[in-house]
Structures are given as C-alpha cells and as structure tokens.
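Hi everyone, thanks for coming. Let me put the structure up, and then we can walk through a few side chains together.

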Amino acid sequence: MHKISIELVPRNVEALGHELHQVREYFPTIDTINIPDLLKFPLRSWAACGQARELFPHTIPHLRAIDFDLTKPFPLTETFAQQGIDCALVIAGDQPQDMSRRVFRTSSIELIRALKEQVPGLKVYAGIDPYRTGIKDELDYVKRKLDAGAEGFFTQPFFDLRLMEIYRDLLTGIEVFWGVSPVMSVRSKDYWDNLNNAIFPPDFAPTLEWNRNFARQALEFTEKSGSSLYFMPIRVDLVSYLEGIL
C-alpha cells in the first residue's frame, strides 16, 4: 500500500505546530508524521507525536535503542496508549555528546524484541542504511531485525534512483518507506559523503530544482512499486520543496 510520510524535527511545540499545520493545509495526501528523537531539543519524539496526533491519524516516534534499560519494563507503554501511538521506529542511536546522560548497551534488535513482547499491538519499524556496509551485510541485518519482530522499514535518504531500484529488487515483499531528503549546499553534500558514505549520481546539483525533480522521480518510483515514501525536508522550506509535487 502506497503511503506518504514526512519527517519533522521537533525543535519546540510552536515550531512543530506551525509545520504540522503547513503539511495539513498544503499536502493533504500526507497522512503520516514521523518524528526523530533528538537530544539537542527538549521535546521528545513521543511527546511530539502526541501533538501531531491532534491533526494526523498516523504518527511514528523514533526510539533510540541505547536510551532504554531492558532490565526494566518499557517505560512508554502507558504513554503510547494514552496518545494513540500504535507504531514506532527503532534506531540504534548515536552516543550523546553530553556524557552525563546515561545510555545502555541495548541494540536495535534487542529493543525490537522487547517491544514486541511488552507492547501488544505496537507495529515496529526498523532502519535500513544502504551506506553503512556492503549490500549483503545490510540485507543480513534486515533479516535479523525481521526475525526479532520488525514489520517494516524506513531507509536512510536515497539520492540515486538506480540504488533505490537495486534495493527494491532485493527487498521484495517487505514494507519499506523510502527516504528522500533535499541537499541544498556543497557543505551538506560533504556531510552526507564523509559522515554517511552516501552515493550521489553524476548529475547531482545542490539546487532546489534538482532536489524537486528527484522528489518527483522518487514519488513515481514508489507509486509504481506499491511501496511508501517519506520526505525529510532539512534546512529547506517544506512548501517550496514539495508544492506541486504532492
């Protein structure tokens, strides 16, 4: 089933509320909001999803595995029930820069398994990173997450349609939200190149025109394949980026 989601950064209640209303006003085909859990902002992903639920039927908070102590019961079961959150995306989580913040040696696979055991009815998504290792190693990791109970996946953003096609053929039968994010500067491309080992096509240009054209191509790709798509509009006005595409 083809779905469209948008990933919104929860900077604060006011800024998130403004973007949520923009999405609802300009892009009625978007019915799912996914929200990362970013330690530099005080608004946690599940609280932001509670806010988004006032306007959208589907919200997906990101959960950082290393934030959860699995020797104790999952602490958000009641919160999810109260806010109507029935999906979550599990990621490994980066180590905090502030080492006074406690983290745990909890892996994504361990948290996925715990969620499936402790939160009945919760649909658990996991991540796919096409740049992390080789394709075979990443597909093996996908299988382990499926075995742990993952029911679908969100990918890191793609910038090359050919790489998306390769992964599509290798992930047949698996629910996937393919990620697309605009890269609007050389500095941003360097970030994706050097920190994430991302792959860009030879014709890439850090312009709004190129990124809008790729967004159109990715949307057509997911419509034809019956898979889903999410947009991650970092450092760009989301209306300027997506207007006329959705």
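How many salt bridges does the count come to? Keep in mind that this is a predicted model. The answer is 13 salt bridges.

Let's start with Lys-116 and Glu-151, whose closest N and O atoms are 2.6 Å apart in a salt bridge. Lys-116 sits in helix H4, while Glu-151 belongs to the loop between H5 and strand S6, so this pair ties together parts that are 35 residues apart in sequence. Lys-116 has 31% relative accessibility and counts as partly exposed; Glu-151, at 38%, counts as partly exposed too.

Next up are Glu-175 and Lys-123, which form a salt bridge at 2.7 Å, N to O. This one links distant parts of the chain, with Glu-175 in the loop between H6 and S7 and Lys-123 in strand S5, 52 residues apart. Glu-175 is partly exposed at 22% relative accessibility, and Lys-123 is also partly exposed at 22%.

Now look at Asp-160, which pairs with Arg-162 in a salt bridge of 2.8 Å between the closest N and O atoms. Asp-160 counts as buried, with 5% relative accessibility. There is a network to point out as well: salt bridges with shared partners join Asp-37, Arg-44, Arg-64 and Asp-67.

Last stop, helix H6. Which of the H6 residues are buried? They are Leu-163, Met-164 and Tyr-167. These residues cover an arc of only 100 degrees around the axis, which puts them on the same side of H6. And what do they pack against? Their partners are strand S5, helix H5, strand S7 and helix H8.

Terms used: Residues are numbered from 1 along each chain as its sequence is written. This is a predicted model: local features need pLDDT of at least 70, side-chain atom pairs count only at pLDDT 80 or more; totals for chains, interfaces and linings use all residues. Side-chain values use heavy atoms; hydrogens and water are left out. Buried means under 20% relative accessible area, exposed over 50%, partly exposed in between (1.4 Å probe, protein chains only). Helices (H or I, at least four residues) and strands (E, at least two) are DSSP runs, numbered from the N terminus. The arc is that of the directions from the helix axis to the C-beta atoms. Contact means heavy atoms within 4.5 Å. A salt bridge is a side-chain nitrogen of Lys or Arg within 4 Å of a carboxyl oxygen of Asp or Glu.
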